[in-house]
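Morning, everyone. I've got one model to walk through today, so let me put it up on the screen.

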Amino acid sequence: QVNQQLSRLANIDSLTQIYNRYYFDLTLQKLWLEALRERAQISLILCDVDNFKLYNDTYGHLMGDQCLKKVAKALNEAINRDQDVATRFGGEEFAIILPRTNSEGAIQVVTRIMNAVSNLNIFHGTSNVENYVTISCGIACLAPNPDFSPTKLIENADNALYQAKQQGKNCWVMAEDNLTQ
């Protein structure tokens with residue numbers, strides 16, 4: 001029982017109650033190797049709560065914490081398969097690992113995720129996007145090969161997320177160099 005509690009403390013984000021960055025790193029490495037062995041694709045979605053600093057500045061950090069908890073729950077509930085993993089990546093960023101998933105499947109998941117967050121209807125009167133909390137997402141899909149590490153997948157998703165933010169937020173962008181080697 002003590003070992004189970006320690007494992008939970010090591011792997012679960014204390015605020016959002018979904019998996020944490022430590023678990024993300026371990027799981028992505030494991031799933032990357034499985035995809036390499038199976039010659040399967042793996043997708044990653046990085047999500048960022050739009051204008052979260054403004055939300056915190058306007059409503060306070062306790063309300064910001066409540067917002068992150070609700071967003072995390074919505075993300076976790078929007079993934080359908082047991083093998084998919086929702087994690088808190090850091091701050092107001094979240095990551096969804098989708099093993100054995102191509103770009104079309106990742107787009108279906110990101111659509112569900114964005115709708116789930118929108119349906120929360122968390123008021124955000126100081127947002128320059130909508131009057132409610134929104135997220136931006138970057139998607140990357142790779143069929144791993146020995147020349148790449150999971151870092152490439154993260155970089156691609158992060159670049160796509162940056163493009164989504166540049167395009168006005170509350171949208172998703174697919175990484176341009178989704179490698180299928």
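This is a predicted model: local features need pLDDT of at least 70, side-chain atom pairs count only at pLDDT 80 or more; totals for chains, interfaces and linings use all residues.

Residues are numbered from 1 along each chain as its sequence is written, and side-chain values use heavy atoms, with hydrogens and water left out.

Okay, the sheet. Five strands make an open sheet, ordered S2-S3-S1-S4-S5, with mixed pairing. Strands and helices here are DSSP runs, E of at least two residues for strands and H or I of at least four for helices, numbered from the N terminus. Two strands pair if DSSP finds at least two bridges between them. At the edges you have S2 (85-90) and S5 (172-174), each with a single partner strand, so one side of each has no neighbour in the sheet. From one strand to the next, the twist averages 20°. S4 and S5 run parallel and are joined by three bridges; Ile-139, for instance, has Met-174 in S5 as its bridge partner.

Now the cores. A nonpolar core is a set of buried Ala, Val, Leu, Ile, Met, Phe, Trp, Tyr and Cys residues joined through side-chain atoms within 4.5 Å, and buried means under 20% relative accessible area, exposed over 50%, partly exposed in between, with a 1.4 Å probe and protein chains only. The largest one has 33 residues, and Ile-45, Phe-94, Ile-113 and Ile-135 have the most contacts inside it. S1, H3, H4, S3, H5 and S4 each supply at least two of its residues. Apart from that lies another core of 23 residues, including Trp-32 and Ala-157.

So, helix H3, residues 52-59. Which residues are buried there? Phe-52, Tyr-55 and Asn-56. Looking down the axis of H3, the buried residues fall within an arc of 95° (taken from the directions from the axis to the C-beta atoms), so they line one face of the helix. Lys-53 and Asp-57 are exposed, on the face turned away from the buried side. Just after H3, Gly-60 has a positive phi of about 95°.

Last one: Ser-127, in the loop between H5 (103-120) and S4 (135-142). Ser-127 is buried, at 12% relative accessible area. Its side chain makes a polar contact of 3.2 Å with the side chain of Asn-51. A polar contact is a pair of N or O atoms within 3.5 Å; within protein, one must be able to donate a hydrogen and the other to accept it, and residues adjacent in sequence count only if both atoms are side-chain atoms. The Ser-127 side chain also reaches the backbone nitrogen of Val-129 at 3.0 Å.

Note on methods. Axes are lines fitted to C-alpha atoms, for helices over the stretch in contact, and angles run from 0 to 180 degrees between N-to-C directions.
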